[in-house]
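Subject: Structure handover

Hello,

Here is the structure we talked about. Please load it and keep it open while you read the notes below.

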Amino acid sequence: MATEQSDSDLVKVADADELREEGRLISRAGNRALALFYHEGEFRAVDNRCPHMGFPLAEGTVDEGILTCHWHHARFELSCGDTFDPWADDVQTFPVEVRDGDVYVDPYPEPDLPPVEHWSDRLETGLEESLQLVVAKSVLGLADEDVPYTDPLRAGLAFGATYRADGWSSGLTILSAMANLLDALRPEDRNRALYVGLSRVAQDCQGEPPRFDQPSFSTRDVSAERLEEWFRESVEVRDEDGAERCLRTAVETLEPERVADLLYSAATDHLYMDAGHTFDFVNKACESLDHVGWERADEILPSVIPRLTRATRSEELSSWRQPDDVAELVFDAYDELPDLLEDGADETWDDPNGFVETLLSDDPEEVVTAMKAAVQNGATAAELAGEVAHAAGRRVAQFGTSNEFSDWNTVHHTYSYANAVHKAALRTESLAAASDSETGESGESEKSGESDESAGTAGLAAYRGAFAGAMSVYLDRFLNTPPIPIPDGSEVDAPDDVREALLDTFDEEGEVNAAGRLVAAHLADGGAPDELKRALGEALLREDANFHTLQNVEAAFEQFDLAEDPDRARVHLVATARYMAAHFPTRRSAEQTFSIASRLNHGEKVHEAGE
């Protein structure tokens with residue numbers, strides 16, 4: 001028991017004899033509700049709220065120095081408050097002193113850890129044990145301490161990259177996508193988004209062995225071209241260890257944009273790897289570093305290597321070889337790209353009318369011919385990839401609900417892949433611009449290890465990705481047979497409250513076309529796109545949305561923002577609203593967990609009837 005508290009620190013909370021007789025009492029000190037115990041000849045005081053879910057600990061059991069909460073059987077060492085159960089958190093204890101027959105406590109003792117350190121430690125525990133409630137409480141606790149979102153994001157990225165031997169997967173992709181969405185969400189949904197991403201990382205890593213790193217090469221006298229050649233060859237023969245050593249050396253010696261281009265090149269040496277997931281995962285890893293800093297690249301990027309070395313290569317699939325050998329068409333276009341780019345070096349592409357319609361046609365040779373002509377006429381990688389992403393968005397927006405439900409995944413995979421290629425093209429164009437500014441009149445790069453030749457190939461991977469994406473758009477053609485008309489906003493009146501209208505629609509199963517019409521009507525009536533995106537984000541985060549739905553919304557928001565023409569932009573939000581409606585409603589168990597964490601964070605009671 002404490003004996004050195006000043007009188008000003010202490011508050012009388014009970015009569016000592018009464019507490020001895022009763023064994024336990026409830027009292028208040030300051031703004032705290034306390035559970036007081038007399039056990040084994042000692043007076044003890046703890047916060048009456050169980051740190052797990054707020055049940056009154058005064059209603060628990062004390063035996064052999066252990067306080068047990070009766071709601072979920074969390075156990076606490078009574079003298080110090082430490083828990084036996086990591087999912088429960090430690091309970092706050094208070095120094096006690098007996099004076100003149102009365103029990104006093106200090107209601108505001110110095111915490112064992114500063115709040116930021118406490119919640120950071122709890123987040124680590126939540127990730128390690130895959131405890132959703134702990135993750136939610138940690139996210140909220142850190143936010144209350146004004147910790148920037150990048151801190152829990154960084155923790156989740158590091159954890160996911162370390163504790164999953166199979167490398168980058170859906171959990172880290174979701175976390176990165178949620179970080180990309182934050183600015184578009186309602187402020188109150190931003191913590192939800194981080195919680196969703198972090199909890200998915202924890203689930204992905206649960207029960208998985210950790211990764212063990214390979215070191216970089218000790219030499220630094222290796223050109224960018226040689227490193228890229230080594231890396232791509234290692235990926236080609238599925239040598240993960242060799243690829244990791246090359247990548248780590250590249251991270252330590254090359255600029256971030258050059259490292260990204262190296263990864264993009266390996267991800268396009270084969271066609272549409274793992275149904276587009278490989279390229280999307282690589283791009284998301286790069287985007288995650290845009291949030292937390294590229295100084296973390298050596299910690300994060302090696303986790304994508306298994307996605308490259310173990311991926312299914314679509315040229316090995318019959319769907320890309322029969323009845324038309326579309327894989328050969330794409331590979332032939334790859335071979336022609338350098339010459340096509342040289343022809344178009346001084347040209348400025350004027351997107352011809354009907355180009356997207358050609359991409360949506362049922363003739364693969366016509367598609368490839370149009371793509372090659374665009375490059376020859378000066379189309380940048382970003383321009384070409386943007387057209388492919390728009391065509392892929394059209395496939396989702398016009399998906400026929402008479403198809404099998406699983407076919408939503410098929411058009412979605414093409415869309416998320418095309419979005420990733422578009423974003424990668426924009427990134428690698430910045431490399432080309434930087435290279436132009438760093439190259440002197442001699443034609444040699446001013447940066448050690450990088451030549452003008454290597455800079456000149458920047459962005460080639462994005463062109464290749466665009467060709468593969470266009471062919472995947474072609475292969476999805478029957479899922480738009482017949483194509484569902486894209487609403488223009490005239491079909492229904494614009495809702496007075498688009499949020500309420502959409503949430504109501506997503507409460508019902510199968511309201512796919514209704515959701516698309518509401519989005520179109522809101523935009524056609526001059527409704528604010530930001531309001532619409534906030535409503536869609538709220539709807540997304542209240543559901544137990546699956547991996548693909550979370551991906552789809554993020555891709556749609558990205559493509560909407562990149563589209564300059566309002567009619568083209570509208571397609572993407574119509575598409576994602578339809579996709580969401582096809583997959584909603586769900587049980588909303590994750591939202592229930594987050595809601596409990598939020599109520600606990602605000603001091604509300606969650607255990608009482610009617611709550």
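Is Arg588 buried, partly exposed or exposed? Arg588 counts as partly exposed, at 23% relative accessibility. The backbone there deserves a look too. Arg588 has a positive phi of about 60°, although it is not a glycine. Its place is the loop between H24 and H25.

Please note that this is a predicted model.

**Overall picture**

The protein has 611 residues, and 56% of them count as buried. Its secondary structure comes to 25 helices and 9 strands. Along the principal axes, the C-alpha atoms fill a box of roughly 95 × 65 × 40 Å.

**Backbone points**

The loop that holds Arg588 also holds Pro585, between helix H24 (566-583) and helix H25 (589-601). The peptide bond joining Phe584 and Pro585 is cis, with omega about -5°.

A cis bond also runs from Gln322 to Pro323, with omega near -5°. Pro323 sits in the loop between helix H12 (305-309) and helix H13 (326-343).

Asp100 has a positive phi of about 50° and is not a glycine. Look for Asp100 in the loop between strand E8 (96-99) and strand E9 (102-105). Asp100 is exposed, with a relative accessible area of 82%.

**Helix H3**

How many of the 13 residues of H3 are buried? The count is 10, so H3 is largely enclosed by the rest of the structure. The buried residues include Leu133, Val134, Val135, Ala136, Val139, Leu140 and Leu142. Lys137 and Ser138 are also on the buried list, as is Gly141.

**Salt bridges**

Side chains of opposite charge can pair when their charged atoms come close. A search of the whole structure finds 45 salt bridges. Three of them follow.

- Arg122 and Asp89: the closest N and O atoms are 3.5 Å apart. Arg122 lies in helix H2 (residues 115-129), and Asp89 in the loop between strand E7 (75-77) and E8, so the pair ties together parts that are 33 residues apart in sequence. Arg122 counts as buried at 8% relative accessibility. Asp89 counts as buried at 8% relative accessibility too.

- Glu188 and Arg186: the closest N and O atoms are 3.1 Å apart. Glu188 counts as partly exposed, at 44% relative accessibility. Arg186 counts as buried, at 17%. The cut-off for buried is under 20%.

- Glu554 and Lys284: these side chains meet in a salt bridge at 3.2 Å, N to O. The pair links distant parts of the chain, with Glu554 in helix H23 (residues 547-562) and Lys284 in helix H10 (residues 277-292), 270 residues apart. Both Glu554 and Lys284 are buried.

There is also a network. Salt bridges that share partners join Arg186, Glu188, Asp189, Arg192, Arg499, Glu538 and Glu591. The Glu188 to Arg186 bridge has both of its residues in that network.

**Negative patch**

Which residues form the negative surface patch? They are Asp496, Asp497, Glu500, Asp504, Glu508, Glu509, Glu511 and Glu531. Asp496 is placed in the loop between helix H19 (460-475) and helix H20 (498-506). Asp496 is exposed, with a relative accessible area of 85%.

**One distance**

How far apart in space are Glu225 and Gly276, C-alpha to C-alpha? The distance is 26 Å, and the two are 51 residues apart in sequence. Glu225 is in helix H7 (residues 224-236). Glu225 counts as partly exposed, at 26% relative accessibility.

Best regards

Terms used:
Residues are numbered from 1 along each chain as its sequence is written. This is a predicted model: local features need pLDDT of at least 70, side-chain atom pairs count only at pLDDT 80 or more; totals for chains, interfaces and linings use all residues. Side-chain values use heavy atoms; hydrogens and water are left out. Patches are made of residues with over 30% relative accessible area and no salt bridge: like charges are joined within 9 Å, nonpolar side chains (Val, Leu, Ile, Met, Phe, Trp, Tyr) within 5 Å. Accessible areas come from the Shrake-Rupley method with a 1.4 Å probe; for residues, only the protein chains shown count as cover. A salt bridge is a side-chain nitrogen of Lys or Arg within 4 Å of a carboxyl oxygen of Asp or Glu. Lys and Arg count as positive and Asp and Glu as negative; His and the chain ends are not counted. The place of a charge is taken as NZ of Lys, CZ of Arg, CG of Asp or CD of Glu. Helices (H or I, at least four residues) and strands (E, at least two) are DSSP runs, numbered from the N terminus. Buried means under 20% relative accessible area, exposed over 50%, partly exposed in between (1.4 Å probe, protein chains only).
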